[in-house]
Every structure is written in structure tokens, then in C-alpha cells.
Amino acid sequence: MVELTAPPGRRRRQLILGICCLSLFIVGLDNTVVNIALPVIQKDLDAPASGLQWIIDAYTLVLAALLMLFGSVADRFGRRRVFQTGLVLFVLGSLFCSLAPSLEWLIAARALQAVGGAMLNPVAMSIITNTFTDPRERARAIGIWGGVVGISMALGPLLGGFLVDSAGWPSIFLINVPIGLVTCLLTALYVPESRAPKPRRLDPVGQLLMIVLLGSGTAAIIEGPEHGWTSPLILTLAAVALAALVAFPLWERQVPEPLVDLRFFRSVPFTGATVTAVCAFAALGGFLFLNTLYLQDVRHYSPVQAGLWTLPMAGMMLVCAPLSGRIVGNRGPRGPLVAAGLGLAASGLLLTRLTADAPASLLLAAYALFGFGFGMVNAPITNAAVSGMPRAQAGVAAAVASTSRQVGQSLGVAVIGTVVTSAVVGPVATGFAAASHAGWWIVIGLGLAILLLGLVTTTAWASRTAAEVAAGFGPERLPGRTADPAGVGEAPPERLR
């Protein structure tokens with residue numbers, strides 16, 4: 001087995017980046033492409049509203065629960081090996097999704113898909129940070145990586161609409177099969193193997209607590225309206241989630257090599273990136289869930305028509321995602337974060353005026369603003385998560401950032417979906433638009449939170465906390481450079497003055 005001991009040549013580095021971005025593309029695409037098919041799946045499989053939420057959250061929850069585990073596993077056993085295993089599982093899960101005969105089988109296949117996806121995102125980021133050793137080149141690569149997140153999610157509704165209308169909902173899963181297989185082959189040919197110099201030991205207790213926390217908490221939120229918020233089942237799930245929430249940090253402080261090194265969170269930019277990711281992806285999860293039901297169940301558009309209505313959002317994401325990466329690489333994350341918060345909040349504000357026959361101008365403006373805001377947010381999240389960290393910690397740091405995204409999307413679908421569907425009075429066609437206003441106010445709050453975090457986490461004080469954390473880990477630095485986790489990764493000392 002070939003170990004990555006020196007950076008490959010420039011052309012091969014770009015090829016490795018492309019391979020990693022391709023894996024991110026199919027995982028990100030699957031986060032959004034499924035939303036457009038939910039009304040059709042609901043009719044074909046006779047699924048309740050909570051079942052639709054589980055189709056989304058079975059995927060995002062398993063991703064969130066296992067990302068940090070596989071980041072550590074890859075650092076220990078080999079990043080290419082884990083990456084290829086993840087591709088195979090993702091392909092198998094996608095195939096099983098397309099063949100699912102019932103809601104329960106589809107949810108189970110989505111979970112298998114997510115196990116494979118959990119081996120891809122953090123591992124690919126770790127491969128990138130170990131391939132691009134020059135700090136500024138690494139920052140540009142991370143910017144491209146962050147941009148692909150927005151691009152894949154932007155194309156999801158549009159591509160999903162065409163696939164559902166032309167070939168049925170199973171086709172949205174089958175499309176992953178050839179892409180995954182090609183990526184697996186390219187990985188075997190061009191991606192060198194690499195491991196962390198001193199990989200951390202696994203933390204099975206911490207991993208179990210994480211699974212219990214995310215699973216029981218989300219189940220309580222989704223199932224609450226059907227079973228009753230004071231029913232024994234929901235109260236038990238809530239109590240278990242609360243106990244896991246308390247026990248997790250207590251346990252992690254006692255473990256020499258924890259699942260999540262809590263020292264990361266002493267860095268204000270890192271903590272801010274984590275919270276920002278939760279807020280941004282909660283807004284995205286809620287937006288896509290509500291938008292899909294509104295366009296198809298209220299306005300009675302076909303899947304392809306509903307996908308076409310999202311073109312303003314997709315277009316703005318496609319433009320803003322790479323633009324945000326370049327801005328972060330050259331000027332730091334403050335501008336993109338502030339712009340993201342303003343865009344998301346403005347979109348939510350417009351949609352609080354939503355009615356069953358809202359004018360096209362309102363919808364198109366709201367979708368464009370949301371695409372602008374979400375397109376700007378991914379690159380600064382990714383960069384702040386891994387900047388300044390030693391390469392030996394790259395897998396874990398990237399996994400925390402990826403986990404926060406999935407946790408956010410799970411919470412967005414669970415909380416916003418539950419709030420809105422519980423508030424619908426009468427038939428969905430007449431009652432959903434008014435009920436959705438509560439969800440859009442939540443989106444406004446999330447956008448304003450991102451705006452505030454962007455201002456606070458990019459100050460000189462925040463940069464000092466990040467430098468202190470990086471120094472505690474003994475990060476690898478180039479001569480004459482100092483860590484700048486709030487900016488592009490590493491910079492000349494005068495950058496922090």
C-alpha cells in the first residue's frame with residue numbers, strides 16, 4: 001500500500017480534489033433531490049407526514065451520528081480504504097432505495113445509504129487537507145469543496161423534478177449508482193493512501209451516547225404530534241435524549257482520546273462555524289420540506305414544474321458558492337457570513353406573506369434570496385472548521401463540521417416540519433400556506449443568528465482564541481507563519497495585527 005508522504009504534483013492534486021468533490025456531490029445531491037419526490041412517494045407508499053420526515057431524517061441522522069466515528073477510523077486504518085468502502089455502501093444503499101416496496105424498507109435503505117455517506121465527507125476533507133500542504137492552496141481547495149456543497153444542493157430539486165417526472169421516484173436513487181462506481185474506480189487509480197501519524201483510539205461509549213442523543217431527540221420531535229407530547233413514549237424519548245446530552249460532555253472530558261475533542265470548541269471561529277452550520281442547514285432542511293409540499297400539494301405543480309420554480313435558488317447557489325470560496329480565501333469569512341445571514345432572513349421574511357395563490361414575483365424573489373444566502377455560507381463554515389488544526393486532526397475537525405450540517409438539517413426537517421404540519425387547519429391545499437408562516441419566522445431567526453455569529457467570530461479576539469487552541473495541539477506550520485483559523489488557514493504574522 002502506498003502511503004502519502006509527499007504532496008503529489010499539481011495536476012494530480014487537482015484530480016484528487018475533483019474525485020473528493022464528486023463524492024461530496026452525490027452525498028449533497030441526495031440531501032435535496034429526495035425532497036422533490038416526497039409527494040409522489042407519499043402517494044405510492046401511503047406515507048403519513050411523519051413518514052416523509054423520516055425519509056429525510058433517517059439519512060441525515062445516521063450521517064450525523066457516524067461522521068465523527070469514520071473520521072477517526074479513516075485516520076487510523078487508511079483514508080482511501082474507508083473512502084472506497086463508503087462509496088460501495090452508498091451505491092448499495094441507493095440501489096436498495098430504488099427497489100424499496102414500502103415506507104419502512106425505504107427508510108432502512110436510506111439509513112444504509114447514510115452509513116456509506118458518513119465514510120465520504122470527512123474522509124474526503126481529510127484527504128484534501130493532507131494533499132494540499134501549502135496553506136493558501138489548501139484554502140482555495142477548501143473553498144472549492146465548500147462551493148460544491150452548495151452546488152449539489154442547488155441542483156437537487158431541479159434534477160429530482162426531471163427524474164421523477166420522466167422515470168419515477170426510484171430514478172433519483174439509481175442515478176447515484178454509476179457516479180459512485182466511477183468515483184470508486186478513480187479513487188483506486190489516483191488517490192494515494194494516507195493515515196494520521198498518531199491516530200486516536202476509538203471512543204465507543206461516546207459514539208453510543210451520540211447515537212442515543214440524536215436518535216431519541218429527533219424521534220421525540222417528529223412523533224410528538226401523533227402520539228401526544230405528554231404520552232409515555234414521547235416523555236421517555238425526551239428524557240433519554242436529555243440524559244445523553246448531559247452525559248456526553250461529561251464522558252468526553254474523562255477520555256484521553258475522545259470522539260469529540262472539546263478543546264476544539266475553545267476556538268471561537270470553530271464553535272461559530274459549528275453553530276452557523278446547524279443554523280444554515282436547519283433553514284435549508286425546513287425550506288426544502290415546506291417548499292416541496294407547498295408547490296406540489298397546494299399549487300398542484302408536477303415534480304418537474306416544482307423543480308423549475310427553484311431555478312432562482314439554484315442559480316444563485318451556483319454563482320455564490322464558488323464566489324464565497326474565493327472571498328474567504330482572499331479576504332476571510334466575515335463578508336460571506338454577514339451576506340448569508342441577511343439573505344436567509346430576507347427570504348424568510350418574504351415567505352411570511354405566503355398564500356395559496358401568492359404572486360410569482362414573491363416566490364421567485366424569496367427563492368433567489370435563499371439561494372444567495374445559502375450559497376455564501378458553506379465555504380466559511382468549512383474553512384473555519386479545519387483552519388489552524390494540525391493535519392493529524394483533520395479527519396475529526398472536518399467530521400465535526402459535517403456533523404453539524406447534518407444535525408442542522410435533521411432539526412430543520414423535524415422542528416419546522418412538525419411546527420407547520422401540526423398547525424394546518426383543514427385540507428393541506430387550503431390550510432398549509434397560512435400554517436407555514438410559523439416555519440418561515442423560524443428561518444428568519446436562523447438567518448439573524450448567522451449574521452450575528454459572522455460578526456462575532458471574525459474579530460481579532462476570536463482569532464486569538466483560535467491561535468491559542470491551535471498552539472495547544474502543536475499544529476504544523478510553515479516557517480514565519482502563524483495560524484489564522486478565522487481566515488484562510490495560515491497567514492503571515494502581520495495578518496493578525
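Colleague: Which residues have the most contacts inside the largest nonpolar core?

Modeller: The model is a predicted one. Its largest nonpolar core has 72 residues. Those with the most contacts inside this core are Leu106, Tyr294, Phe370 and Phe374.

Colleague: Which helix gives the most to this core?

Modeller: The core in question is the one of 72 residues. The top contribution to it is 15 residues, and it comes from H12.

Colleague: What does Phe370 touch, not counting residues up to four places away in sequence?

Modeller: Contact here means heavy atoms within 4.5 Å. By that criterion, and with those sequence neighbours left out, Phe370 touches Ala283, Leu284, Phe287, Met313, Gly343, Leu344, Ser347 and Val443.

Colleague: Is H12 roughly parallel or antiparallel to H19?

Modeller: Helix H12 (residues 268–298) packs with helix H19 (residues 437–456) at an angle of about 155°, their axes being 9 Å apart. Angles over 145 degrees count as roughly antiparallel. Therefore H12 is, relative to H19, roughly antiparallel.

Colleague: How many charged residues has the contact of H12 with H19?

Modeller: On the H12 side the contact includes Gly272, Val275 and Phe287, and on the H19 side Gly439, Trp440 and Val443 are among the residues. By class there are 13 nonpolar and 3 polar residues, and the number of charged ones is none.

Colleague: Is Ser436 buried or exposed?

Modeller: Ser436 is in the loop between helix H18 (428–435) and H19. Leaving out residues up to four places away in sequence, it touches Leu290, Leu354 and Val420. Buried means under 20% relative accessible area. The relative accessible area of Ser436 is 0%, so Ser436 is buried.

Key: Residues are numbered from 1 along each chain as its sequence is written. This is a predicted model: local features need pLDDT of at least 70, side-chain atom pairs count only at pLDDT 80 or more; totals for chains, interfaces and linings use all residues. Side-chain values use heavy atoms; hydrogens and water are left out. Axes are lines fitted to C-alpha atoms, for helices over the stretch in contact, and angles run from 0 to 180 degrees between N-to-C directions. Helices (H or I, at least four residues) and strands (E, at least two) are DSSP runs, numbered from the N terminus. Angles under 35 degrees count as roughly parallel, over 145 as roughly antiparallel, 65 to 115 as roughly perpendicular and the rest as oblique. Ala, Val, Leu, Ile, Met, Phe, Trp, Tyr, Cys and Pro count as nonpolar, Asp, Glu, Lys and Arg as charged, and the others, Gly among them, as polar. A nonpolar core is a set of buried Ala, Val, Leu, Ile, Met, Phe, Trp, Tyr and Cys residues joined through side-chain atoms within 4.5 Å. Buried means under 20% relative accessible area, exposed over 50%, partly exposed in between (1.4 Å probe, protein chains only).
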